[in-house]
Amino acid sequence: VFATPQMAQDIDAIRRMFGYERVSLFAVSYGTRVATAYAAAHPRHLDRLVLDSVAPEHAYYPGIAGNFD
C-alpha cells in the first residue's frame, strides 16, 4: 500500500537513517497531507513545519479519494 500514512513513516525512516533527532519539513500541495500526517505521528521529531498550497482535508472529487487515505 502506498498511501499517506506509509509516506509519513518513510519520512521518519529517512530521519532515523541519517541519525537526526528532529527534522524540518517544507511541503506543497499533496505533500502537505503527508507532512501533517508526519507531524501528528511524530511530533517529538519535528522541528519546523512549513505548508504551502495546502491540500483539502477531504478529496474534492471522488476520483482521487483513494489517494488521500
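Guide: One term before we start: a polar contact is a pair of N or O atoms within 3.5 Å; within protein, one must be able to donate a hydrogen and the other to accept it, and residues adjacent in sequence count only if both atoms are side-chain atoms. This is a predicted model, where local features need pLDDT of at least 70, side-chain atom pairs count only at pLDDT 80 or more, and totals for chains, interfaces and linings use all residues. Residues are numbered from 1 along each chain as its sequence is written, and side-chain values use heavy atoms, with hydrogens and water left out.

Visitor: Okay, so what does the side chain of Thr32 reach?
Guide: The backbone oxygen of Ser29, at 2.6 Å. Thr32 sits in helix α2; helices (H or I, at least four residues) and strands (E, at least two) are DSSP runs, numbered from the N terminus.

Visitor: Is Thr32 buried or exposed?
Guide: Buried, because its relative accessible area is 2%. The cut-offs are under 20% for buried, over 50% for exposed and partly exposed in between, with a 1.4 Å probe and protein chains only.

Visitor: Which residues is Thr32 in contact with, leaving aside neighbours within four places in sequence?
Guide: Ala27, Leu51, Asp52, Ser53, Val54 and Ala55. Contact here means heavy atoms within 4.5 Å.

Visitor: And which other residues of α2 are buried?
Guide: Besides Thr32, they are Arg33, Val34, Ala35, Tyr38 and Ala39, in a helix that covers residues 31-41. What covers the buried residues of α2 includes α1 (4-18), β1 (23-28) and β2 (46-52).

Visitor: What makes up the largest nonpolar core?
Guide: Eight residues: Ala8, Val23, Leu25, Ala27, Ala35, Tyr38, Ala39 and Leu46. The elements giving two or more residues to this core are β1 and α2. By nonpolar core I mean a set of buried Ala, Val, Leu, Ile, Met, Phe, Trp, Tyr and Cys residues joined through side-chain atoms within 4.5 Å.

Visitor: Why would they sit together like that?
Guide: In soluble globular proteins, nonpolar side chains tend to be buried together.

Visitor: New topic! How many salt bridges are there in the whole structure?
Guide: A search finds four. A salt bridge is a side-chain nitrogen of Lys or Arg within 4 Å of a carboxyl oxygen of Asp or Glu.

Visitor: Where does Asp12 come in?
Guide: Its side chain meets that of Arg16 in a salt bridge, 2.7 Å from N to O. Both lie in helix α1, four residues apart, about one turn of the helix. Asp12 is buried, at 3% relative accessible area. Asp12, Arg15 and Arg16 are also linked in a network of salt bridges.

Visitor: What about Asp47 and Arg22?
Guide: Their side chains meet in a salt bridge too, at 3.7 Å, N to O. Asp47 lies in strand β2 and Arg22 in the loop between α1 and β1, so the pair ties together parts that are 25 residues apart in sequence. Asp47 is partly exposed at 35%, and Arg22 is partly exposed at 44%.
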